[in-house]
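Hi there,

Here is the structure I promised to pass on. Have a look first, and my notes follow below.

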Amino acid sequence: MDIYLQTANPIVEQVLKGYNGTIFAYGQTGTGKTYTMAGSNSAPELRGIIPNSFAHIFSHIAMAKDDEKFLVCVTYLEIYNEEVRDLLGNNPHQSLEVKERPDIGVFVKDLTGYVVHNADELEKIMAVGNKNRHIGATAMNIESSRSHAIFSITVENSKRGADGKMHVKMGKLHLVDLAGSERQSKTQATGTRLKEATKINQSLSVLGNVISALVDGKSTHIPYRNSKLTRLLQDSLGGNSKTVMIATIGPADSNYVETISTLRYANRAKNIENKTHVNSEPGDALLTRFQQEIDQLKKQLEENTNEIEEEEEIEVSEEELSDETLTDPELDILDPEEKKMRRKMRREEKEKINREKAHQARKVLEEKKAELQRTKKQQEELKEKLQRLESKVLVGGENLLDKAEAQRRLLEHAARELELRELNERRLREDLLKKETSSMNEVCGVCWAQAQDLSLRVTEGQQERLQQIVLPNIRRAADTARHCVFQECTEAERNLVPEETRREVLIRYQYFIPRGARICSLHREEANYENLYTAEYSLNNFTSAHIEDIIFILMEGLQNISYENIQNYPDNQVDYFIGLSKQQHAQILEATPRLRNMNRGSFALTVLLCKLRTGDSGDRLSCLFQVPRRTLETLMSVARNILLMDFVPQYLGFSHLRREQVAARNSYIADHIFSEPDAPAAQKPAITIADATYIYTQKSSNYLFQKDTYSLHKHRNLLKPFILCASDGYIIDVRGPYSATTNDATIMNDLLNETEFNDFYKENDVFILDRGFRDCMDSLHEKGYIGHMPESKEDGKSQLSTLEANKSRCVTINRWIVEAVNGRFKRDFKIFRHEYFNCGCRHLMTDFKIAAALLNAFTPPFADNIHA
């Protein structure tokens with residue numbers, strides 16, 4: 001409830017005044033975004049932002065004046081796998097098109113909209129949409145949102161102005177529930193869930209790039225069109241909308257990296273400047289169109305009513321023709337019989353004419369009756385249509401809350417409580433200030449200073465007893481202004497410790513100086529802060545206020561780091577993110593002049609090393625280094641190619657060392673088992689240990705690639721780099737990647753047919769292998785090389801003989817070296833622990849070669865144990 005009042009309530013108020021508003025929740029998966037937006041129906045105070053906004057809108061309408069009219073329309077859509085779907089339509093799985101018009105901007109074609117009359121209808125519509133929304137279970141959240149959802153409420157308001165005309169204002173409220181960013185290693189998503197996570201992270205990455213471009217101020221192009229999400233939220237980001245972003249974070253220490261990333265994301269978003277204005281007389285306002293239709297229908301009803309007249313039934317009376325009516329002078333000259341005949345004929349003719357007139361009159365009467373029925377029916381239809389249109393328009397002052405009335409009262413009560421709480425705090429501060437002033441007037445300065453010091457100590461003691469938080473690696477100074485942070489100091493003049501000093505001491509020496517602490521000018525000039533950590537008076541218990549201040553200082557420190565120069569990084573961060581020291585980083589630049597002289601070359605190297613070291617996605621690295629993802633990918637690609645061409649040949653491959661150097665690296669044990677330890681280096685065999693390692697990849701829709709990379713042994717998709725190393729762990733060369741269906745013996749046979757391989761090794765050189773190479777041992781011996789692998793049992797025997805077992809042990813105590821080298825790859829370069837995306841497989845072997853060269857350059861060989 002407090003979250004709604006402090007964040008969403010001002011936005012909804014502005015929407016009711018005709019502005020556009022957007023509220024969206026962003027954060028890691030499983031941190032409560034959907035709960036923040038929707039809440040729980042178990043109790044009114046647990047309801048989320050969306051239902052509270054329903055009650056807010058209709059309570060405003062209920063309290064409006066009678067001369068105001070409102071129309072509320074809602075839509076509900078989701079963006080699933082970059083497809084826009086209507087959650088309220090007849091077919092929620094149909095993909096809709098995103099269009100744009102100059103008059104109304106971006107809109108979704110054929111999106112279903114409903115006119116609602118109260119908060120209950122809104123909640124029912126939202127419930128229907130939620131049933132159609134995609135959710136699924138992951139290792140981090142049993143009901144994880146697999147799509148971005150946008151619930152839009154359009155509020156139109158018409159009011160008669162001073163000029164006597166109706167003026168319309170329209171506000172749009174977008175309530176956005178974003179799907180959470182995910183790491184596959186934590187969610188353990190596979191198949192459909194992994195595809196969904198990829199699309200979610202992709203759209204969130206584009207959203208981050210849009211935010212970065214808006215904040216940067218230098219970008220000439222904002223990539224709204226790179227994602228459906230940013231396309232639909234174009235007005236909300238840098239456009240005509242008042243926007244608030246709610247960042248949700250997880251409290252677990254395992255989510256530290258995601259928490260920092262989310263906070264950086266939110267920090268960038270709050271720097272966006274939107275340009276808002278009231279939407280007056282909008283061209284697409286439904287209220288205006290409905291009002292015009294209502295006026296037109298009323299006019300038609302009035303015209304039809306005037307046309308309908310009561311029709312009297314036409315009675316046709318047949319005139320009786322008497323002989324007197326048929327008098328004619330001509331008849332007088334006729335004889336009686338003929339006269340009678342003539343009269344009869346005239347009478348029949350008259351009757352015929354009368355019958356025709358009566359028939360025609362009846363026909364006209366029936367036509368008029370039918371026309372009257374049609375007019376009455378048309379009038380009823382117009383009345384029904386008029387009532388239907390008028391029912392969509394809400395008039396201010398009507399009771400529209402029904403069940404939402406309790407929620408409205410709860411909102412008002414919470415708002416009053418918040419206001420009362422702030423008022424009480426203000427009064428308490430004023431009373432405390434008055435008491436301090438009056439006390440200073442009644443006691444002497446010395447007594448007052450002692451009383452203040454005593455009060456401060458008591459307060460500190462109470463805080464520590466109430467909430468003691470022990471941080472094992474950080475210590476702090478006393479939270480007092482009565483003495484210098486160097487407590488042995490006796491200087492009387494002291495000043496506040498500058499913020500820059502507090503930040504530097506915390507980051508460099510892990511020593512926290514509380515806000516308000518003081519330092520004398522002497523100790524400030526000497527700056528011997530490294531002695532504070534081990535001082536007797538340093539403390540290791542912290543209050544919640546201290547923890548909050550520490551986090552704030554660290555966040556400010558991170559924001560002030562220039563990521564373009566690695567020298568600006570703290571040493572511990574350099575080691576954590578790239579696994580090398582600053583000197584080793586500089587050594588790589590010295591070995592690669594093209595990279596050193598390139599614009600942003602040092603930064604490109606840092607980003608690539610961080611990618612290899614952490615295995616983080618491009619989205620996460622983009623947030624970490626505050627660079628758009630496309631720029632990041634370009635820099636890494638350039639650095640990767642330069643290192644492959646200039647750095648790798650210096651530390652890897654048959655051309656970077658001689659065979660005699662490999663023989664000189666023979667370990668003590670290998671030398672005594674497979675060689676002559678006292679022989680000159682030129683006569684010693686070069687002992688090489690070979691094996692393949694596994695790097696897992698995604699499943700592929702390409703049938704041939706899927707077939708080649710699927711391992712029936714591991715039941716996963718993988719590729720196999722092949723390692724050749726000396727017996728002290730130095731990597732001679734790496735080859736590959738080979739498909740999962742290629743066995744070790746086949747790889748070795750291919751190498752035996754290479755000219756470069758045979759030019760490097762000589763006859764009687766030793767290869768230590770495992771049983772997977774058994775099918776290539778004959779080829780190895782034919783080339784004049786000596787191969788050793790663990791013995792296999794002969795048919796019919798249950799175990800190895802003593803001699804065979806000893807031979808196997810001799811191989812095993814040397815072959816572990818290649819397994820340890822493989823472990824170094826996975827330990828120092830976490831990218832090889834993760835599942836490679838199919839699009840990244842094209843540079844998998846380049847990354848592996850760079851990693852091998854880095855191990856050779858900066859990792860010491862395995863120590864030789866002569867007592868083993």
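Let me start with the cysteines. Cys725 has a relative accessibility of 0%, so Cys725 counts as buried (buried means under 20% relative accessible area, exposed over 50%, partly exposed in between, with a 1.4 Å probe and protein chains only). Cys841 is buried too, with a relative accessible area of 12%. As for disulfides (pairs of cysteine sulfur atoms within 2.5 Å), the structure holds 0.

A word on where this comes from: it is a predicted model, in which local features need pLDDT of at least 70, side-chain atom pairs count only at pLDDT 80 or more, and totals for chains, interfaces and linings use all residues. Residues are numbered from 1 along each chain as its sequence is written, and side-chain values use heavy atoms, with hydrogens and water left out.

Now the chain as a whole. Its secondary structure comes to 29 helices and 26 strands (DSSP runs numbered from the N terminus: helices are H or I with at least four residues, strands are E with at least two). Of the 868 residues in the chain, 46% are buried. Taking contacts (heavy atoms within 4.5 Å) between residues at least 6 apart in sequence, 70% join residues at least 24 apart.

On the α21 side the contact includes Phe647, Val648 and Tyr651, and on the α29 side Ala853, Asn856 and Ala857 are among the residues taking part. The contact residues divide into 10 nonpolar, 2 polar and 3 charged (Ala, Val, Leu, Ile, Met, Phe, Trp, Tyr, Cys and Pro count as nonpolar, Asp, Glu, Lys and Arg as charged, and the others, Gly among them, as polar).

Tyr651 is worth a click. Beyond its neighbours within four places in sequence, Tyr651 is in contact with residues including Gln587, His656, Tyr730 and Ile731.

Finally, helix α16 (residues 571–578) packs with helix α19 (residues 601–614) at about 65 degrees, their axes 7 Å apart. Tyr576 and Phe577 of α16 and Leu609 and Cys610 of α19 are among the residues making that contact.

Best wishes

Definitions and conventions
Axes fitted to C-alpha atoms, helices over the stretch in contact; angles between N-to-C directions.
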